[in-house]
Amino acid sequence: MNKLSNLELTIKIDKPIEQVWKSLVDWKGQSKWMLQTKVWSEIDQDRTVRNGKGVLIFAFTGIFPKLYPKLRIGILDTMEITNWKPPYICEVRHIGRVLRGTGKFELKKVRGGTIFYWQEEVIAPSIILLFAKPALLIGVWLSLRRFARQVCA
């Protein structure tokens, strides 16, 4: 049986919103800070595609993600951008075979930097969520801290 799980995390980054946004929507660049994940988009394959609504993003999370597609021990998450309001909001719909649901990156200007709000509503088989939810929360928490350090470097 499939189950819905809502996940939310927030981090403050001591950089201007425009700089945070630019780094955040560098899909291929997410591979550097998202734990155990290789990320790419249509933009990486086809230079005529512009970032924004309708663009497909792919994220393979698993063991040795840099070896994907030769080694496929993990989950491929396929997402379509459904809402694009730079530099504030990027929403996606998960359209893969295993993971479904929605995701959202939201940035807010604050004194001295930017608040990065990350949210996922994931629909997946209950057994996957049972094991994946704690790992996902810890992994995203660590990844967001890596992202903040990268942006501030």
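In the predicted model, N83 has a relative accessibility of 18% and therefore counts as buried, where buried denotes under 20% relative accessible area, exposed over 50%, and partly exposed the range in between, computed with a 1.4 Å probe and protein chains only. N83 is placed in strand β4, strands being DSSP runs of E with at least two residues and helices runs of H or I with at least four, both numbered from the N terminus. When neighbours within four places in sequence are left aside, N83 is in contact with I89, C90 and E91, contact meaning heavy atoms within 4.5 Å. Residue numbers start from 1 along each chain as its sequence is written. Because the model is predicted, local features need pLDDT of at least 70 and side-chain atom pairs count only at pLDDT 80 or more, whereas totals for chains, interfaces and linings use all residues, and side-chain values use heavy atoms, with hydrogens and water left out.

Strand β4 belongs to an open sheet of 7 strands, in which the order is β1-β7-β6-β5-β4-β3-β2 and the pairing is antiparallel; two strands are taken to pair if DSSP finds at least two bridges between them.

Helix α1 (residues 17–24) lies across β1, β4, β5, β6 and β7 (113–125) and runs at about 155 degrees to β6, whereas helix α3 (residues 126–152) lies across β1 and β7 and runs at about 15 degrees to β1. For these angles, axes are lines fitted to C-alpha atoms, for helices over the stretch in contact, and the values run from 0 to 180 degrees between N-to-C directions.

The structure holds 5 salt bridges, each defined as a side-chain nitrogen of Lys or Arg within 4 Å of a carboxyl oxygen of Asp or Glu. One of them joins E80 to R93, with the closest N and O atoms 2.5 Å apart; since E80 lies in strand β4 and R93 in strand β5, the pair ties together parts that are 13 residues apart in sequence. E80 is partly exposed at a relative accessible area of 21%, and R93 is likewise partly exposed, at 39%. E106 forms salt bridges with K104 (3.2 Å, N to O) and with K108, where the closest N and O atoms are 4.0 Å apart. E106 is buried, with a relative accessible area of 16%, while K108 is partly exposed at 47%. Through shared partners, salt bridges join E91, K104, E106 and K108 into one network.

I73, found in the loop between β3 (56–62) and β4 (74–85), is partly exposed at 43% relative accessibility. Together with I63, F64 and L67, I73 forms a nonpolar surface patch with about 390 Å² of accessible area, computed by the Shrake-Rupley method with a 1.4 Å probe and, for residues, with only the protein chains shown as cover. Patches comprise residues with over 30% relative accessible area and no salt bridge, like charges being joined within 9 Å and nonpolar side chains (Val, Leu, Ile, Met, Phe, Trp, Tyr) within 5 Å.
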